[in-house]
Amino acid sequence: MRRLFLLCLCLASYVSHAQFTVVHNVKGYTPTRSGKIAQFSTLVIKDGKVVKTGNADTLKQYPQSTVIDGQGLTMLPGLIDAHGHVIGLGENLSRLDLRHTKSIAEVGQRLKQYAENNPTGWIIGRGWDQTKWTPSQFPTAQDLDKFVANRPVVLTRVDGHAIWVNSKAMALARINKDTVTPDGGEIVRLADGAPSGIFIDKAEPLILKHVPKRTPAQLNTALDKAAAHLLSLGITSVHDAGIDEATWRLYKNRSEQRSMPLRIYAMLSASDPSLEKMLKAGIVKEQTDYLTIRSVKIYADGALGSRGAALLKDYKDRPGHRGLMLEQQPALEALIRQSVKHGFSAHTHAIGDRANRIVLNSYKTVFKETGGKLLRNRIEHAQIVDTDDIPRFKSLKIIPSMQPVHATSDMHMAQQRLRESQLTGAYAWQTFLKHGIKVAAGSDFPVELANPFDGLYAAITRMDKTQQPKQGWRNTEKLSREQALTAFTLDAAYAAFQEFKVGSLEHGKWADFILIDRDYFQIEEAQLHNIQVQQTWIAGKPKYKRN
């Protein structure tokens, strides 16, 4: 009897240990809730969660475990992108890509080739940026007509806040000289008053409502394409900044089927006609934390590149123009109030200093009248903020969700658009941190490339990839490597109420991690953007392995 008892005890011990997975022989780093970066060489996992981190001796404590040799690679927590557009990225991967085009002629050649390879239907593309061209001025419909005139063409600017269309698209939408410009938008016009082919912010729907709607199958494909791309870059969790009802249904269906390909914290789009219906359906907080829906994305102003960002003073390169408020303060307050009454956080897009001030004022009013201050509300981008307004983020408990790569992409354009006094609080990551304000970092893909190591490099150096300008642009706002990593992990998790779930490799949290080919803390700064992800794991399971 005693032998039987001992045998059963041994078998139980074997089964218990066999449930563990131990990844060893790594150079591991993780931020911690204490604020320090912890180092380790061994990670112990059970049931998809972290049991402990340790050293080489830790492996000996789990003799019957599944053992994985990390081959000396560097391990970091799975990276979190706190602001991206998942379906947009997935669609962009199969549409006309105009990123890095240097002229109208180059856009035209890509358009012509794409039209030949895709001979029917609307032509949709994205990525052009007129500030990179010479001369750096908005193009026209006629510029597109030279290359494709018999099919409608809609090309979205890199920031998503302007579209460039051909004459066929305007004809189908019945746009002409008499078309009224919507509030919060701009139809750029020719000298004779005719629409030029450029539609900014709230003028975009005049065209876009005529584009054929996406099918559920297309949405599924876009999700899977985007996820595969993001996982290959080491991103295990994304904050999806503004989803429509169709995407809301897609995510809920995939969650119910247990087929979400990566973690998504989704924000409902405040501009969707079904917002109230989605809010009434309640918060979505799936048990395995693959899907969370508990916030609303609101738009306050446009973007700096299209001069739609709302400024307190005139644009330096366009006297008399101060940008566009897409929603005035009463409407912003109504949307924030609608969100918090349902228990949803309000995450508001604000780029210009006037927009940021108005949004902060709106939060203050709603918190006083309705409550909601503890919902970890955010300002998305917070790019140009008056220095007097930065401390208000702390007092109002507003999280700035910022994209470091915007600073290095925008720096030359920003200096053209803004005066020195306006730039004082621009892309001011370090200033926010010094005020005790957590910064959640992201990329704003597909506006920017999704690679988080581009963002980490930009945060730490404030240089472009040619290492210009020397010492970094407005370099007092640089982040340390520790600060940058925390912004892309633990503080991004905090901004989604998930700091006890993801964002670091601490006991009881999901074992989301990546293995990379270089030591993030030891390599030269100039090499940070060259880091390659070798493996990506979510909840202790491999999701990507580099060939």
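A cavity is here a set of points, on a 1 Å grid over the protein atoms alone, where a 1.4 Å probe fits but cannot get out, whereas a pocket is an open set with protein on both sides within 12 Å along at least five of seven lines; lining residues have an atom within 4 Å of a point. Grid points are joined across faces, edges and corners, and a volume is the space filled by probe spheres set on the points. The model is predicted, so that local features require a pLDDT of at least 70 and side-chain atom pairs a pLDDT of 80 or more, while totals for chains, interfaces and linings use all residues. Residues are numbered from 1 along each chain as its sequence is written, and side-chain values use heavy atoms, without hydrogens or water.

The structure holds 2 cavities of 30 Å³ or more. The second largest cavity has a volume of about 40 Å³, and its lining includes Met-402, Trp-429, Leu-479 and Phe-488. This lining consists of 10 nonpolar residues, with no polar and no charged ones (nonpolar: Ala, Val, Leu, Ile, Met, Phe, Trp, Tyr, Cys and Pro; charged: Asp, Glu, Lys and Arg; polar: the others, Gly among them). Among the residues that line the largest cavity are Lys-285, Asp-289 and Arg-294, and its lining divides into 2 nonpolar, 2 polar and 3 charged residues.

A search of the whole structure finds 30 salt bridges, each defined as a side-chain nitrogen of Lys or Arg within 4 Å of a carboxyl oxygen of Asp or Glu. Asp-289, a lining residue of the largest cavity, forms one of them with Lys-501, at 3.6 Å between the closest N and O atoms. Lys-501 lies in the loop between H19 and S23 and Asp-289 in the loop between strands S17 (284-285) and S18 (291-299), so the pair ties together parts that are 212 residues apart in sequence. Helices (H or I, at least four residues) and strands (E, at least two) are DSSP runs, numbered from the N terminus. Asp-289 is buried, at 5% relative accessibility, and Lys-501 is partly exposed, at 29% (buried, under 20% relative accessible area; exposed, over 50%; partly exposed, in between; 1.4 Å probe, protein chains only).

Asp-512 and Arg-263 form a further salt bridge, with closest N and O atoms 2.7 Å apart. This pair links distant parts of the chain, 249 residues apart, and both residues are buried.
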